[in-house]
Structure formats: structure tokens, C-alpha cells
Amino acid sequence: MQIRRLAMTLFCALPMAALMYGCGSSSKEGSSSLSDVATVGDTACIQCHSSLTEPLTGESLITQYQQSSPHNANGVGCEACHGGGTQHNGVGPIPYPIPDANRCATCHNGLIAQATNANTAFETSNHVDGTPSHTSGVCVRCHTHEGAVLSNKSGFTGDGTVIDGGVYLPPAYTGAYTGIKCETCHEHGGGLRSIIAKDTLGRDVAWNPSKTSGAKNNQFNLCTSCHTMYDYTGNKLLADGIITVNGALTGTVGHHTTSWYRMIASTHFDDPLTTTTIEGYNIRKNGATPCFDCHGHEAKTGTRYGNTTTPSIHTDWAQSGHAGKLLANKYASNGGSPTVASVFSAGAIEATGAAWVHYDWDATTTVTAGVATPNRGACQKCHTATGISNMLNNPDTYDNTGAGNDFTHLSGWKKATATASTVSSGQNEVLYCWGCHSNAGKGTLRNTTKAVLDFTYQSQPIVITNAGKSTACVTCHGGRGNVESPRSTRFQGHHAPTAGFMYNEKTHMGYEYAGKDYSNATTHFQHDTIGANADGPCASCHMGNKSHTFAAVTETAGTITGITNQTLCNTCHTVGGPYEMTATKLEEEKLGYQQASTILNNYVNNVYTNPINHAVSTAAADSAQPYYYLNVSNDVYGAFQNAKISADEPGAYVHNRTYVKRLIFDSIDFMDNGVLDGTITLSSAMMTAYPDAVAWLRANATTGVASRP
């Protein structure tokens, strides 16, 4: 196989800085005699092998090893890969003259050094092409191993002027072209290859769109040498020469200019001038692994148009609410055949993506006349990937003002100082893979221990444990407050506080009327214990099929037609039993919940005559919001809050059915006669208008009387 060559000395992985001294000597791979051969150190190796060169480039293998290898930089040494050299002396036997992937795995086992499945992942990638079909002209630049290595070395890298303009040509090569392999990207010892480009005067310069300091390359620079995004300075975005970005025409990449799914300029860039839309995903280009933040050696995304029928994790996530459904918009742009131009010009994020663009989330502090005022920093832990990653890494010490969040990977962002406000970027983040995952390729989550919510109950912190892999979900979907928080025109629990209702006995998310029981009956409520200390309730239901769409149900024209993890439901909701849960039953529950909430809203808004007769402001300034909430009693304000639940937590009827039903029932009970007497009476008009509410509240179909659930 191609990759079972000298290339495998490159460790087929990200630069592996975590290797430890002497790991080779403790290797148990191979016979004990190979493992036990004593080492002599790099100096002896270099003295004899300094003349060895890479046949394709003519570069010294020792030079490559010394200038880029993470093994050299961390003192691991040649013999960690090749085995001890005391019997070698330049001519004798050496345990591993051409180390393969198995040799790599002796250290990269997750204990000594970071584990990797790079060998297998690369073999399944689109990069593998044993007999490349593009072996002539400029195509060799990215479609062959030899063309890529020589082009990167000679400066045939960059925009359309370089690649398509005829001014520069691929370096001469008379041998056979082969497909992309490990050594296309890695030098001897595993380091990433350096890339050379041409500046505007035709001079050789470092290809450095990441703007990293120092001579060493990084992952973003390497990958963008083919998957071009910016020019060599990192300032000019490269697309198709038509789109206006940041007020200036962009350059061209030379080929594939209509294939938006190949052009990361069309998929991984958010124009900072259009702050109310998101056109693409932002990359942490200055980070250690900006591309592997989401991709691994397999590099596949499946985002090519039409691939929705064979979804991948990438396509699922990119069409989910966590990604603002951005990919779905790209599919829909330009009549279903998106190009680079249509993707940028469409520019519209789907309506439910407002969580990512509603405010300028990376603005942390405003300083006026020397006084610093927090801006949106408190929102960052859920409305930015940077914030949620930091929160999950350190839930006990995370600064809820957002002061510790660094957005320097966003265009033009600068941190606030004692005298200057945050210089905010017009760019936005959605919930990227690296927000929840410390290693997206392996699915490693940042925190599976506990979720620390940023509000209290009876002055005590609210900490949710035992949620396992769902901990990340609970952290943001646990809510931002309850009715102990200061009064507000909005729902105190904030938007989408799903976990806040599931863990209601800790959060007390709704307004609970004095003297009423809101505890969960463990005999029939166990949603908060699903997958305890394993997948947890959120992942068990919303990712039962491992899909990153996070859809717990399927719907057709707004009607529930299927349950994603029906098998899980059936473990308690026995098929054929009195509590069987089907898509039809779930739809009935949804409609009942919605209609009962409408009845409550009608009471709150004085649509129904009631003895409470609370004041509704008619002032012009108050016309857009029911500001009467400021001057009413606690119980009226509580009804007002509970009436908002269905809009902010539309799934509460399934997440904690009895709890939300009691909240709505008690609110109607109070609003209909000013007394909590344990019964409500639905009028004939109500029953006619809202028949599903009659069943959901278990009201008598003739009298309309219902008792507290």
C-alpha cells in the first residue's frame, strides 16, 4: 500500500507534541530483542545520516527532522521510531528501518501519547487516489503527491494569478505521478511541510494566511495551500473574483470557483460587514489544530450538493439549529444549485439562527468616561463556541462576565482594556464541533461531570450531575433564571430551557404557587434518569441514532410522524400498554399543551372575563410589551410567566409532562376566579375552540370541569 512506505515514519497524525522521552525503548511491539536494543542518541544518528536526502525534493532528511519534527522538538529522538541503534553503526541491523503504523501505535495509544487512527482514517479519505486521474497541467498541483510537494516547495501556491494565469507553471517533473499520501503533508519525523508562495512581485515568500509567527508551518497554512481561502498574507479572501467582501473584490483561486462545497472561502467565512447574517463558519486559524477542530485525517464532510440523502456528522450538524441551519440555506440558494457567488449573496441565516446573530455576542465590555459596563459577555457561554468551550473546561471557575473569552480568531477583535471598549468583530460563531468536543474527530466531550447553572434557588447554586454526555446540553439548556430572579417581560428561564424543566426539582423553572405540590412522582417520571452517568437524557433521546441533527422526532408539515429513538421510549412506555408512546400520541400531547397554553394566555391578556381584572397598560410606550407585569401581585406575575413557557420551551409537554401541566393548570385556576381551589371550568366556547386542551387537562367533555393533575 502507498502509505506503507517511508512515509509512515511521519506518524500519520497531527504534530504530536505530547510524546515522552524514551517511549521507543519501552515499546512492546515486535520481539523482545528488538525492543531491548539500547539507544545511542540523535548525535550518533546525525553523524552518519546527514547525507540522506528525500528523493523527490533533494532535501536532507535530517534537516527536515530538525526543522519540523515534533519528536525532535520534544526530545523524543530518532530511535523512538526506528529502535535502538547500538547494533547499527550505519550498516548493521536496526529494529525498525521503515516504521509502519503499528510502530506508531506503540506510543500513540492514548496513554504515552495521543491515540490516533490516522492510518485507517486516511485510507478512507477522498485524498487517497492510487492512480490519480489529473496528471497534467496545473491539476497536478493538488491532485498528485509529487505535484503538491514540488509546487509547495517552488512557490506555485496561491490565487488565480499564480495558478491559472500562466505566469507561473508547475515545477518540471519527469517521473510518474502518484496519489496523495502521508508524506505529501508530512516531512521526515512527522512535521508539517513548509509552503512557499509568490508575492505580487513574483518573489518567494512564506505561505502564511494564518499569520502565525516564526518559520514553522501550521495546519491551516498547509491545508489551505490546496484548499485556498486567503492569500499568502492572510488579508485577502479568495473566492471567485465577483463577490464584494469587506468592500473590495476578491481574488480567484484558479479552479473550482463554482463548487462552493470545495471552496472553504464559501463555506468557512463569515463576512464581518453583514452582522445580521452568517455566510460561513469561522476557523480558529491561529490555533494548533484549526482544521482538525472538526475534521480528522478522513477529511470528509459530505456537504456536496445532493449528499443530504447520505448524511454525515458534518451534514447533520450543519443543517441543525446549532449551526443556524446554514448548510440547508446553502442547499436552497440559487434554485438548489449553489455556487460561490450565490452562497455569499444569499447570505441569509435561517430564522431559528437568531441565537447566533441577534446580538454582537463577542462584545464583552463598553468603556464610557472611564466606566466599564459589561455588554454581552454573560451571554457568551451559550451563544458562542468560544464561551461554551471555556465554560465546559472549567465550570467551577468560568467567569460569567465573559472576561476570559478570547475571540482573536475573529476578524479585527480586540480585548477590552481598563480604558478602551472591546473592539468587536462583525463575525459570529455558531456552536462549532470544538465547542462541545475537546477532540471532535474522536467525539471526546469536554465535560461529562456536572453542569453549573448561573442562577440560584433559595440562594443555593444549582448544579446538575449524573447527566453524563448530556452535561454539555444541560449547561446551556438548563435556563438562565427562575421566578426568584428579578421580574422581566420575557420568560425568566430564557429560551430553550429544556433541561431546566427536566431537572425542575433543582431549577424550579416555572412559577410554583404556594402550597401546591410540584415534585416529580418517581413512579412515572424518569426522564431525568435516562442514561444516567452515560449518554444522559438529552443525547439518549436526541442522538439515539447518533445523528447530529439532534432531532428527537420527525415531522411532516409540522405534524409529528415519527420518534427518533422509539426503542428507548418503549422500554418504559410499553407497546400496547396504557402509557404507550407513539407519534400520534405525541402529536396529541403537543396540541393539548399548545391549546391549554393559549387558554392561559387569554386569561393573562384579559381576553376572558375574570375577577382578577389586572391592569393592562394602554400607554403608547407600552404597546409592544405587557408592562403591567411590574405592578401586579406575585400570583398574577406567576401566571404571566407560566403563560410564556410554551413559546420558549415548546417541548415541555414531553420533557416533564406533569410538571408543566400543573404549572399551566394552577395558573388558569388562579386566573379564572382568583382562588386556587383545585378545579377549573372550561366554557363551551373554550371546549369548542380548543378540543385538544380538553383532553390534555382531562376536563369533563360535558361540564368542562377539570381537577388538578
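Good morning. I begin with C142, which counts as partly exposed because its relative accessibility is 29%; partly exposed lies between buried, under 20% relative accessible area, and exposed, over 50%, with a 1.4 Å probe and protein chains only.

A word on the basis of these values. This is a predicted model, in which local features need pLDDT of at least 70 and side-chain atom pairs count only at pLDDT 80 or more, whereas totals for chains, interfaces and linings use all residues. Residues are numbered from 1 along each chain as its sequence is written, and side-chain values use heavy atoms, with hydrogens and water left out.

C142 is bonded to C226 in a disulfide, with the sulfur atoms 2.3 Å apart; the criterion is a pair of cysteine sulfur atoms within 2.5 Å. Helices (H or I, at least four residues) and strands (E, at least two) are DSSP runs, numbered from the N terminus. The link of C142 and C226 is left-handed, at -110° about the S-S bond. C226 also counts as partly exposed, because its relative accessibility is 27%.

By this rule there are 2 disulfides. The other partners are C382 and C476, joined at an S to S distance of 2.4 Å. Here too distant parts of the chain are linked, with C382 in helix α18 (residues 380–383) and C476 in helix α21 (residues 471–477), 94 residues apart. The link of C382 and C476 is left-handed, with -110° about the S-S bond. Counting bonded cysteines along the chain, the pattern is 1-2, 3-4. C223, by contrast, is in no disulfide, and the nearest cysteine sulfur, that of C291, is 3.6 Å away.

I turn now to the aromatic rings. The structure holds 18 aromatic pairs; rings of Phe, Tyr and Trp (its six-membered ring) pair if their centres lie within 6.5 Å, and planes under 30 degrees apart count as stacked, over 60 as edge-to-face and the rest as tilted. One of the pairs is Y593 with W696, tilted, at 5.9 Å centre to centre and 55° between the planes. Y593 lies in helix α26 (residues 583–604) and W696 in helix α32 (residues 691–696), 103 residues apart. Both residues, Y593 and W696, are buried.

Y281, W317, Y432 and W434 form one aromatic cluster. Over the face of W434 lies R284, at 3.8 Å from the ring centre. A charge sits over a ring if NZ of Lys or CZ of Arg is within 6 Å of the ring centre and within 35 degrees of the ring normal. Likewise, the charged end of R376 sits over the ring of Y359, 3.5 Å from its centre. Thank you.
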